[in-house]
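Here's a quick tour of a protein model for anyone just starting out. Have a look at the sequence and the structure first, then read on.

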Amino acid sequence: MDFNMKKLASDAGVFFSRAVQFTEEKLGQAEKTELDAHFENLLAKADCTKNWTEKILHQTEVLLQPNPSVRVEEFLYEKLDRKVPSRVTNGELLAQYMVEAANDFGPGTPYGKTLLKVGETQKCLGGAERDFMHSASINFLNPLRNFLEGDWRTITKERRILENRRLDLDACKARLKKAKAAEAKASAEHELRVAQTEFDRQAELTRLLLEGISSTHVNHLRCLHEFVESQATYYAQGYQYMLDLQKQLGRFPGTFVGNAESTSPPPATTSPTTVPATIPVVPTVGRAPNSATAVEGALNLNDVKPPASGTRKARVLYDYEAADSSELALLADEMITVYSLPGMDPDWLIGERGNQKGKVPVTYLELLS
């Protein structure tokens, strides 16, 4: 390998000169050319942008993929310029397990039927999550990465060159002060002019790059809006999926929907206290007390009368769409009157609202004292 010894010696001399200048500045034994206040503000703004962009990028990656080992694997695939293998989301995996469990337990059983319905919803949620992750990666993460790996690296490189030009300039100033002979002064003045020109040129180039940080903020603002839009769409889809699932489960006999009060708290105003209560039962002659099918199949709403012992008031927690003419459609927060019939499924009651009457699911109600 051929070496240019003269260039090598020259580069070594420049490096040594910069090292001496830097050391003397740190020890307070040499003057340092200061940048103007506007330039310093641009440097501070650039550093702040870089630091916060790194933090936001990292935390967004954690939000989209909480598993650190998967993040490392995806990073390696990206660096090797290989396609990241497709993975099922947690929701899709849960859906798969629920469907398999339902088939084992029996899809016709109440538990198996419910598992199938919930599994279908989890699959939809997993698909929505996948779409959100893809959209956020393209519209938000990629622009942040491009800034850090592109523009910021260029800015860092030019700042490093500018610092070297400043050290060269200050070293030339120091040599000019120490020069005694006329010839030495003339040589030092020439070197100083050259160093000053190179420093000014590099300072202007670095200034232009730093002023471009404002455009970076504008671009990142647009990307942030797109991220919020995709996240809002994702959560809206999830809410709608769960709302539909809740309505479907409410129509399944024997299905437990959950603690309604935890997801739909009563209004802030004073309301009656909810207490365990026995629903008044209408006496019915000639029917087997444990035959729910017979009672509901022979139910004639026009013949059903409220019991003489009284009725209960209930507040509706969720909207409910009647599945057939024997059921009563409900609107959230409305008040209805309820009571039970002998042999009815314990998850259903008879509800009355004005002249309207029909079966209503217990899990959609808050019984009041």
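Predicted model: local features only at pLDDT ≥ 70, side-chain atom pairs only at ≥ 80, totals over all residues.

Residues are numbered from 1 along each chain as its sequence is written, and side-chain values use heavy atoms, with hydrogens and water left out.

**Salt bridges overall**

- Searching the whole structure turns up 15 salt bridges (a salt bridge is a side-chain nitrogen of Lys or Arg within 4 Å of a carboxyl oxygen of Asp or Glu).

**A pair inside one helix**

- Arg166 and Glu163 join their side chains in a salt bridge, at 2.8 Å from N to O.
- Both sit in helix α5 (residues 110-178), and because they are three residues apart there, about one helical turn separates them (helices are DSSP runs of H or I with at least four residues, strands are runs of E with at least two, and both are numbered from the N terminus).
- Arg166 is buried, at 3% relative accessible area, whereas Glu163 is partly exposed, at 32% (buried means under 20% relative accessible area, exposed means over 50%, and partly exposed is in between, using a 1.4 Å probe and protein chains only).

**Pairs around strand β3**

- Arg353 makes a salt bridge with Glu334, and their closest N and O atoms are 2.8 Å apart.
- Arg353 belongs to strand β3 (residues 348-353) and Glu334 to the loop between β1 (312-316) and β2 (335-339), so this pair ties together parts that are 19 residues apart in sequence.
- Here Arg353 is partly exposed, with 23% relative accessible area, while Glu334 is buried, with 16%.
- Glu352 pairs up with Lys357 in a salt bridge, with 3.7 Å between the closest N and O atoms.
- Glu352 is buried at 15% relative accessible area, and Lys357 counts as partly exposed at 21%.

**A nonpolar patch**

- Leu221, Leu224 and Val228 make up a nonpolar surface patch, and together they have about 260 Å² of accessible area (areas come from the Shrake-Rupley method with a 1.4 Å probe, and for residues only the protein chains shown count as cover).
- Patches are built from residues with over 30% relative accessible area and no salt bridge, joining like charges within 9 Å and nonpolar side chains (Val, Leu, Ile, Met, Phe, Trp, Tyr) within 5 Å.
- Leu221 is part of helix α7 (residues 213-250), and its 48% relative accessibility makes Leu221 partly exposed.
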